[in-house]
Amino acid sequence: MTDPIRQIAGQFAFTGEYRSAKELQSGLINHTYRLLFEDAGAAREYILQKISTYVFHEPRRMMENIAGVTAHLRRAMLARGEDPSRRVLEIIPTRGGDLMYTDPEGGCWRAYVCVTNAFAYDTVDAAAFREVGRGFGAFQRLLYDYPAGELYESIPDFHNTAKRFEQLDAAIQKDEAHRAREVAYEIDCLQQRRERLCSIVRLIEEGVLPLRVTHNDTKSNNVMLDRDTGRALCVIDLDTVMPGSALYDYGDAIRFGGNTAAEDEKDVSKISLVLEKAAAFTEGFVTETNGFLTEEELRRLPLGIEVMTGELACRFLTDYLQGDKYFATQYDGHNLVRVRAQMALLRDVERKRGAMQQIVDYKNDIGNGYTN
């Protein structure tokens, strides 16, 4: 494993001498390796990734997105007198100065400086989740003046729930893996919620909600927290930074971090939304975003949780019907387990809709929001 990785690593402008590589297993899409180099007796750590060209059809344009956004974040921090060190992803170019390397087989690779003395966990307590909220909120705040329309859509219509349902319709019709009969109940549950789950798309089209530069994959493990202080440090995994809605980022974060169970929990009785965690994330997010989000955005934040949970269930179900082509699976039926887990969470989010609205309204009011 390490010999070919060492050869790939030799294409990048790393500092020091290569020592070792370890594959990380947390991601579902790209293949990620932590590299250890030694420079004059000091250890240097880097991240090397093989980009999934099945998911990201134009990796160079995606990397141009990331380069533009990280440069803007760095300038915004410096303008505020803040030190961007360890707070913004730092791309390591190839030895030829390129943003990525294409190997002889057509594989696309990129590299970053590893954010050291920091951690990111799938499961966080309320205090850490508040910091995750601060991290993602600050990310949007620092990018509020970045021209969202100039960003390349690395996954076109990624959170266009109306298109996701159209893809589901097509998968049901084609039924290439002969699984539609097996999931008739799940299909019906999603179709019953179709209008509400497509409402953010409609509100954007109507101009009620503005387009923002959004992360679009706001799992708690995509914010690095400082190991010494516990404070939000750096937002990572910028592949899906695209034009979107603040509701997407808010909703997806709570869908993932506010859940009592993993995304692939088989026992759905273990799955629920933890209001204490949701309130903590809301406090962190609103603290950072009050002042530039509109009243319509702030008041409608809870809708994002339902939409993002239902959308992911729709995506897992579509992939299951197509024969598990998009998401990495560890066993037969893995995507169906994921569908049922998301649907269980969605039902609990619906039951707690009123409580979430009270949390959001309270946090917004004490944060003196609605300045736009």
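The model is predicted: local features need pLDDT of at least 70, side-chain atom pairs count only at pLDDT 80 or more, and totals for chains, interfaces and linings use all residues. Residues are numbered from 1 along each chain as its sequence is written, and side-chain values use heavy atoms, with hydrogens and water left out.

**Overall fold**

- The protein has 13 helices and 11 strands, where helices (H or I, at least four residues) and strands (E, at least two) are DSSP runs numbered from the N terminus.
- Its radius of gyration is 21 Å, close to the 21 Å that the globule rule gives for 372 residues, so the protein is as compact as a globular protein of that length. The radius is taken over C-alpha atoms, and the globule rule is 2.2 Å times the number of residues to the power 0.38.
- Along the principal axes, the C-alpha atoms fill a box of roughly 60 × 55 × 35 Å.
- Of the 372 residues, 53% count as buried; buried means under 20% relative accessible area, exposed over 50%, and partly exposed in between (1.4 Å probe, protein chains only).
- Among contacts with a separation of 6 or more, 73% join residues 24 or more positions apart, a contact being heavy atoms within 4.5 Å.

**Cysteines**

- The structure holds zero disulfides, a disulfide being a pair of cysteine sulfur atoms within 2.5 Å.
- Cys234 is in no disulfide, and the nearest cysteine sulfur, that of Cys114, is 10 Å away.
- Cys234 is buried, at 1% relative accessible area.
- Cys108 also counts as buried, at 7% relative accessibility.

**Second largest pocket**

- This pocket holds about 400 Å³ of space. On a 1 Å grid over the protein atoms alone, a pocket is an open set of points with protein on both sides within 12 Å along at least five of seven lines, whereas a cavity is a set of points where a 1.4 Å probe fits but cannot get out; lining residues have an atom within 4 Å of a point. Grid points are joined across faces, edges and corners, and a volume is the space filled by probe spheres set on the points.
- Its lining has 15 residues, of which Tyr54, Arg164, Gln167, Gln322 and Tyr326 lie nearest the centre.
- α4 (161-174) and α11 (301-322) each supply at least two lining residues; α11 gives the largest share, five residues.
- By class, the lining has seven nonpolar, four polar and four charged residues. Ala, Val, Leu, Ile, Met, Phe, Trp, Tyr, Cys and Pro count as nonpolar, Asp, Glu, Lys and Arg as charged, and the others, Gly among them, as polar.

**Largest cavity**

- A search of the whole structure finds one cavity of 30 Å³ or more, and the largest cavity holds about 30 Å³ of space.
- Pro302, Ile305, Glu306, Val349, Lys352, Arg353 and Met356 line the largest cavity.
- α11 and α13 (353-366) are the elements that give two or more residues to this lining, and α11 gives the most, with three.
- The lining has four nonpolar, no polar and three charged residues.

**Ala120**

- Ala120 sits in the loop between β7 (118-119) and α3 (126-142).
- With a relative accessible area of 26%, Ala120 is partly exposed.
- Leaving aside neighbours within four places in sequence, Ala120 is in contact with Asn221, Val223 and Met224.
- The C-alpha atoms of Ala120 and Val132, 12 residues apart along the chain, are separated by 9.4 Å.
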